[in-house]
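Please open the structure in a viewer and keep the selection tool at hand.

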Amino acid sequence: SQLKEEESRWQRSLRNYLSGGLLLITLLSVVLFNRFRLVRRLNRELEKLSLVASKSLNGVIIFDKDYNLEYINEGYSKLLGFSFEEIKAEFGENLRQISANPDIEKVINEAIRLKQPLRYEALNKTKDKRGKWIASTLTPVLNDKGALHKIVIIDADISESKEKSIEIQQSITYARKIQDAVLPGLDKIEQ
């Protein structure tokens with residue numbers, strides 16, 4: 001009788017251990033499955049972002065928190081003609097060296113201070129030494145403590161519109177010179 005009681009207790013303990021083990025395995029399976037789904041979803045998101053960055057006609061260039069070059073997309077290479085390695089060889093590895101904007105340090109500091117993207121324009125040189133006007137949007141990427149983590153710059157070619165704007169401004173200046181030469185000044189009209 002004592003042996004049967006001992007055996008019965010042992011069977012209950014074994015059942016409890018097995019039940020607890022099965023519950024633990026089930027919980028771990030659920031956690032792992034949810035983690036797997038999350039990783040799969042994040043990978044799909046990354047795939048989409050990678051596709052956008054690599055196939056965009058605009059240039060995308062990424063720098064680390066110390067302004068060192070980390071990445072350029074295919075659009076950037078097409079825009080200015082330089083590969084990642086050629087940029088580093090021609091200009092250096094740091095944003096301060098690479099940027100055609102002489103006030104890039106002010107732009108960076110202001111974007112970080114405001115915690116928002118800033119836009120600027122600069123005349124860049126292509127690989128074949130032609131000038132190309134580029135509109136750049138510099139976005140500071142901050143970590144959860146508000147410190148700089150990355151800098152992302154998106155560049156777009158605005159050469160055509162910039163050249164038209166310069167032509168219009170030159171035409172206005174020329175028209176004013178003609179107007180001043182032909183028409184009497186306002187002080188003569190008032191007399």
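Helices (H or I, at least four residues) and strands (E, at least two) are DSSP runs, numbered from the N terminus. This is a predicted model, in which local features need pLDDT of at least 70 and side-chain atom pairs count only at pLDDT 80 or more, while totals for chains, interfaces and linings use all residues. Residues are numbered from 1 along each chain as its sequence is written, and side-chain values use heavy atoms, with hydrogens and water left out.

**Stop 1**

Select Lys88 and Glu85, which form a salt bridge with their closest N and O atoms 3.7 Å apart. A salt bridge is a side-chain nitrogen of Lys or Arg within 4 Å of a carboxyl oxygen of Asp or Glu. Lys88 and Glu85 are separated by about one helical turn because they are 3 residues apart in helix H3 (residues 84-90). Lys88 is partly exposed, at 22% relative accessible area; buried means under 20%, exposed over 50%, and partly exposed in between (1.4 Å probe, protein chains only).

Next, select Glu86 and Lys127, a salt bridge whose closest N and O atoms are 2.6 Å apart. This pair links distant parts of the chain, since Glu86 belongs to helix H3 and Lys127 to the loop between E3 and E4, 41 residues apart. Both are partly exposed: Glu86 has a relative accessible area of 29%, and Lys127 one of 43%.

**Stop 2**

Display strand E3 (residues 118-125).

Glu121 stands opposite Ala135 in E4. In the hairpin of these strands, with 5 residues between them, Lys129 takes a positive phi near 70 degrees.

**Stop 1: strand E5**

Select Asp157 and Lys132, whose salt bridge has its closest N and O atoms 3.9 Å apart. Asp157 lies in strand E5 and Lys132 in strand E4, so the pair ties together parts that are 25 residues apart in sequence. Asp157 is partly exposed at 40% relative accessible area, but Lys132 is buried at 13%.

Move to Ile153, also found in strand E5 (residues 148-157). Ile153 is buried, with a relative accessible area of 3%. Its C-alpha atom is separated by 4.5 Å from that of Leu138, 15 residues away along the chain.

**Stop 2: strands E1 and E2**

Select strand E1 (residues 59-64) and strand E2 (residues 69-72), which pair in the antiparallel sense over 3 bridges. Ile61 faces Ile72 in E2. In their hairpin, which has 4 residues between the strands, Tyr67 takes a positive phi near 70 degrees. Asp66 lies in the loop between E1 and E2 and is partly exposed, with a relative accessible area of 43%.

**Stop 3: helix H6**

Finally, select Tyr174 in helix H6 (residues 159-182). Tyr174 is exposed, at 56% relative accessible area.

Definitions and conventions. Pairing = 2+ DSSP bridges.
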